[in-house]
Amino acid sequence: MKRSLLVIVALTTALSGCTWLKSLGKKDNVEPPTPLTEFKPTVQVDHVWSEGVGKGAGISGVRLTPGSADGRLYAAGIDGTVEAIDAASGHTLWQKRLGNRSGWLWRRGDNSLRWSGGPSVQGDLLVVGGLDGQLYALSTQDGAERWHVQMSSEVIAAPAIAEGVVVVRTNDGRLVGLDAADGSRKWIFDQAVPALSLRGNSAPLIANRVVYDGFDNGKVVAVRLDDGNELWAQSLSGGEGRTEVERLSDVDGNIVYDGAALYAAGYRGQVAALAPDSGRPLWQRDLSSYVGAAVSGNTVVIVDADGNVWAFDRETGVNLWKQDQLKYRWLSAPAIQGKYVAVGDSEGYVHWLSLDEGKFAARERLSRKPIEGAPLVVDDVLYVEDVKGRIGAYRARQ
């Protein structure tokens, strides 16, 4: 496994709401993207629509992905824009721009909130967090404000909503449970944050009244949804080395649950299937990743830190295939669309690989801007968003 050096960047209090250092996860010995090779497409991909939403994630280093519910997409941007979009046509249903502050990083007089976590949706509630720690709950019908609260630091991962509780991960290592009705705090779970870590947080996952999340200390943790008490913790990254850079060991990718196991990956650590009730590893493989997993049928797909795409047997962890022709293209997390695995890259391309063999099946270009957020699949349509807020919808003919 290649050990790539990182450029460590200090994010000041004005930018991040934090007082420690965070890495933007960029290499100082950046390898050039692997040139794309020609192939004969084996599936027809239709570009259904494209739409721009605000300014996307911009230079914030976060991986924004739309939320989805009831035939609508919900997207947010670093310029304070929140928008509801008809998922079938791409038409804007409503749009709002919220804000109550100005920032030195943006033009003078811009009072927009800087969205960076979410949107997340359940029922008629939409929740989105910002770089300055604000968390807003809005109506999905028209964007009207329900409530807002100030968190302890920036929110750069999508909150989770279930059973009347909104669970928020903050960049200072906290999980916070809030009452979905009014935003009042129900509980808080705190983990120590290393002095240096990758730019990113794992989004909380709620299943069977348990909250699962990954942390910058290399651990996956399970806590009770009703009170935030810890049930178990399992380490995926050892964090070994003489320097803090060498000890980077984040679990930043989203955790996936398929009803039988949890699937998670750590940077400079392992990809593992974990028992939901105890965290006991069902299988583990040495693999460094910071973008998470996707699961379909008997296959678990992981993108490693160098841009290789791997498929493992869901039950045993046996390697099924490896696609190495997308190395150093800074791939997004994978998503499964029918018989295909889809990933976005740093040049705005979306690549479809066959789920059974990992061979290239199709390729489309959304824009010339990086696609860093995980693609979203709803029914038979895949949605991707680049860092400038352009969203594209694609249908693969199965």
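The charged end of Arg363 sits over the ring of Phe360, with 5.4 Å to the ring centre. This is a predicted model, and its aromatic pairs number 12.

**Phe39 and Phe360**

- Phe39 and Phe360 make a stacked aromatic pair, with ring centres 5.4 Å apart and 25 degrees between the planes.
- The pair counts as stacked because its planes are under 30 degrees apart.
- Phe39 and Phe360 come from distant parts of the chain, 321 residues apart.
- Phe39 lies in the loop between strand 2 (22–26) and strand 3 (45–52), whereas Phe360 belongs to strand 31 (residues 360–365).
- Phe39 is partly exposed, at 24% relative accessibility.
- Phe360 has a relative accessible area of 12%, so this residue is buried.

**Tyr263 and Trp283**

- The aromatic pair of Tyr263 and Trp283 is tilted, with 6.5 Å from centre to centre and 45 degrees between the planes.
- Tyr263 is buried, with a relative accessible area of 1%.
- Trp283 is buried as well, with a relative accessible area of 5%.

**Aromatic cluster**

- Tyr263 and Trp283 belong to one aromatic cluster together with Trp310 and Phe312.

Technical notes
Residues numbered from 1 in each chain as written. Predicted model: local features only at pLDDT ≥ 70, side-chain atom pairs only at ≥ 80, totals over all residues. Heavy atoms only, no water. Phe/Tyr/Trp six-rings, centres within 6.5 Å; stacked < 30°, edge-to-face > 60°. Helix = DSSP H or I, 4+ residues; strand = E, 2+ residues; numbered from the N terminus. Buried < 20%, exposed > 50% of the residue type's maximum accessible area, 1.4 Å probe, protein only. Lys NZ or Arg CZ within 6 Å of the ring centre and 35° of its normal.
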